[in-house]
Amino acid sequence: MTTPAQAGTFLRRRFVAVGTKRRAANDRAYLKSDLRFFGATVPQIRQAATDFARAHPDMTRAELRSIAGALYATDRYEFRSAAIALLGRSAPLLREADLPWLIRLVRASDTWAHVDWLAADVIGGLIERYPAGLKRLPAWAADKSFWVRRTALLAQVRALRRGEGDFALFARLAGSMVDEREFFIRKAIGWILRETSKKRPELAFGFLRDHRTEVSALSLQEGAKYLPGAMRAKLGLPARAAWQLRDERNA
């Protein structure tokens, strides 16, 4: 049997060994978090989670949830990160029925670093395996927590980046949030439009055109970043984005 105590002991030993006080202070300041930090890097966190999972190949779904829940109940940034890494590493154990529990982890998060990891990788991956989970997104998009609303948007980012996913659903959810003032919502809308535009620029353009008078400058600039010049011009933007101009100057 694999227990939370085993995970906590294993991970604490690893993070104490690799963490530094300087990195801990820098990470805490950068993320503006009230959590405590060991000062481990993301690759070190991922490796520790991978090593623990490999050492316990018979871990069950119930044990995984118990361990992740216990790690997330702490005030240690790396423990919470390791919980997400373990969930991603052991994704085949998860079921659609785990989505409400995962949303509770989102609610317990106090930083975009954990919310985005949960939303895009763990929750997004689970919804790709169980498309019926898409039906939950409208309720999340209307939630009082902006982290849950952000999750509703980011849950499809990986699929949309590949030229797949239900863009019509995203557009409907983002359209209901397009006039929000919350930075993390505006950023998420722009981010997903930007990723969508890499494979299906006409979809990102159509959304921005239809919401041109409502969409924030942040969402517009991010969403149109990779659109062709003709599409950008129709949105009232310079034909070349700032990153293109920088590249031209540095060429």
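Mentor: A polar contact is a pair of N or O atoms within 3.5 Å; within protein, one must be able to donate a hydrogen and the other to accept it, and residues adjacent in sequence count only if both atoms are side-chain atoms. This is a predicted model, in which local features need pLDDT of at least 70, side-chain atom pairs count only at pLDDT 80 or more, and totals for chains, interfaces and linings use all residues. Residues are numbered from 1 along each chain as its sequence is written, and side-chain values use heavy atoms, with hydrogens and water left out.

Trainee: At the start of α11, which residue has its backbone nitrogen within 3.3 Å of a side-chain oxygen of D166?

Mentor: Helix α11 covers residues 167-175; helices here are DSSP runs (H or I, at least four residues; strands are E, at least two), numbered from the N terminus. At the start of this helix, the side-chain oxygen of D166 reaches to within 3.3 Å of the backbone nitrogen of A168.

Trainee: Which residues of α11 are buried?

Mentor: Buried means under 20% relative accessible area, exposed over 50%, and partly exposed in between (1.4 Å probe, protein chains only). What covers the buried residues of α11 includes α8 (137-141), α9 (146-154), α10 (157-161), α12 (183-197) and α13 (201-210). The buried residues are F167, L169, F170, A171, L173 and A174.

Trainee: What is the relative accessible area of V148?

Mentor: V148 sits in helix α9. Leaving aside its neighbours within four places in sequence, V148 is in contact with I103, V106, R107, W140 and D143. V148 counts as buried because its relative accessible area is 0%.

Trainee: Are α9 and α12 roughly parallel or roughly antiparallel?

Mentor: Their axes are 9 Å apart and the packing angle is about 5 degrees; axes are lines fitted to C-alpha atoms, for helices over the stretch in contact, and angles run from 0 to 180 degrees between N-to-C directions. Angles under 35 degrees count as roughly parallel, over 145 as roughly antiparallel, 65 to 115 as roughly perpendicular and the rest as oblique. The two helices are therefore roughly parallel.

Trainee: How many charged residues are in the contact of α9 with α12?

Mentor: From α9, F146, W147, R149, R150, L153 and L154 meet F184, I185, K187, A188, I189, W191 and I192 of α12. Ala, Val, Leu, Ile, Met, Phe, Trp, Tyr, Cys and Pro count as nonpolar, Asp, Glu, Lys and Arg as charged, and the others, Gly among them, as polar. The contact has ten nonpolar and no polar residues, and the number of charged residues is three.

Trainee: What is the angle between α5 and α7?

Mentor: Helix α5 (residues 77-89) and helix α7 (residues 112-129) have axes 10 Å apart and pack at about 5 degrees. That makes α5 roughly parallel to α7. The contact is made by residues including I84 and L87 of α5 and W117 and L118 of α7. The angle asked for is about 5 degrees.

Trainee: Which two residues touch the most other members of the largest nonpolar core?

Mentor: A nonpolar core is a set of buried Ala, Val, Leu, Ile, Met, Phe, Trp, Tyr and Cys residues joined through side-chain atoms within 4.5 Å. The largest one has 81 residues, and α7 gives the largest share, ten residues.

Trainee: What is the phi of K32?

Mentor: K32 is in the loop between α2 (21-31) and α3 (42-55). K32 counts as exposed because its relative accessibility is 75%. Most residues other than glycine have a negative phi. K32 is not a glycine, yet its phi is positive, about 50 degrees.

Trainee: At what distance does the side chain of S219 reach the backbone oxygen of R186?

Mentor: S219 belongs to helix α14 (residues 217-223) and is buried, with a relative accessible area of 1%. The side chain of S219 also makes a polar contact with the side chain of S216 (3.1 Å). The backbone oxygen of R186 is reached at 2.7 Å.

Definitions and conventions:
Contact = heavy atoms within 4.5 Å.
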